[in-house]
Amino acid sequence: MRQNEYFSVHLGLTINVEPLTDGKPLPDVDTFRAEIPPLFRIASECNTLEENAERLLSGFGKQDSKLLVDYLSAQNSKINLLLSYVLSQQDNATYRYITETFGASNVSFYSSHEFPIGQNVTVKLFLDHPAAAIYCYAEVVNCSVLEDRFLVQLHYTRLLEDDRDLLIRAALHCQQKLLRQRTQQRNMNNNNDE
């Protein structure tokens, strides 16, 4: 099994995993870039623009700028809601799974059927924060039986670097959220003990 180059987090994201037909090779990098659906490219570009805008806005610190920053944040939230809805239309129920873990180098999910180790698949990952969808290729690196289902682990084989960065940000956001929840729970437990 391949070593994980990045950390993974436990989170249930919607993904589509479609096996490649037998004998179909992975596309080369240029062919892969060309076949990414336009909506997925737009989502990636929107997130890059959002990240650049956030960096610019972080320089605004004065009270006079707060209203502008709040207004732009509200507009950004509206755009993200619309983008999430449009991206959800790309979800194909035939190939839908829910992730067990995800990260910038791999993803795992449960399936009712076995996936052969070494099989190449196309993957669509639908992120909530940031609102985005990622199109990539992966290889099945492990498929283990757990009770009445299979835990399938995939390693990305074709993934744009911008999309990898997006997965890193999404995993960090998820990790921060989980740590905040744990801290709040610990504080509540400590307050109840007093």
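Modeller: Helices (H or I, at least four residues) and strands (E, at least two) are DSSP runs, numbered from the N terminus. Residues are numbered from 1 along each chain as its sequence is written, and side-chain values use heavy atoms, with hydrogens and water left out. The model is predicted: local features need pLDDT of at least 70 and side-chain atom pairs count only at pLDDT 80 or more, whereas totals for chains, interfaces and linings use all residues.

The protein chain has 4 helices and 7 strands, in the order β-β-α-α-α-β-β-β-β-β-α from the N terminus. Of its 194 residues, 35% are buried, where buried means under 20% relative accessible area, exposed over 50%, and partly exposed in between (1.4 Å probe, protein chains only).

A nonpolar core is a set of buried Ala, Val, Leu, Ile, Met, Phe, Trp, Tyr and Cys residues joined through side-chain atoms within 4.5 Å. The largest one has 30 residues, and Leu125, Leu154 and Leu167 have the most contacts inside it. At least two residues of this core come from each of strands S2 (14-19), S3 (96-103), S4 (106-111), S5 (120-127), S6 (132-146) and S7 (149-158) and from helix H4 (161-193). The most is given by S6, with 6 residues. Another core, of 13 residues, lies apart from this one and includes Ile36, Ala43, Phe126 and Tyr137.

Contact means heavy atoms within 4.5 Å. Leaving aside neighbours within four places in sequence, Leu167 is in contact with Phe102, Gly103, Ala104, Leu125, Leu127, Ile134, Tyr156 and Leu159. Val9 belongs to strand S1 (residues 8-10) and counts as buried because its relative accessibility is 2%. Although Val9 and Phe102 are 93 residues apart along the chain, their C-alpha atoms are separated by 5.7 Å. For the protein chain as a whole, among contacts between residues at least 6 apart in sequence, 72% join residues at least 24 apart.

Two cysteines complete the picture. Cys136 is buried, with a relative accessible area of 0%, and Cys143 is also buried, at 14%. The structure holds 0 disulfides, a disulfide being a pair of cysteine sulfur atoms within 2.5 Å.
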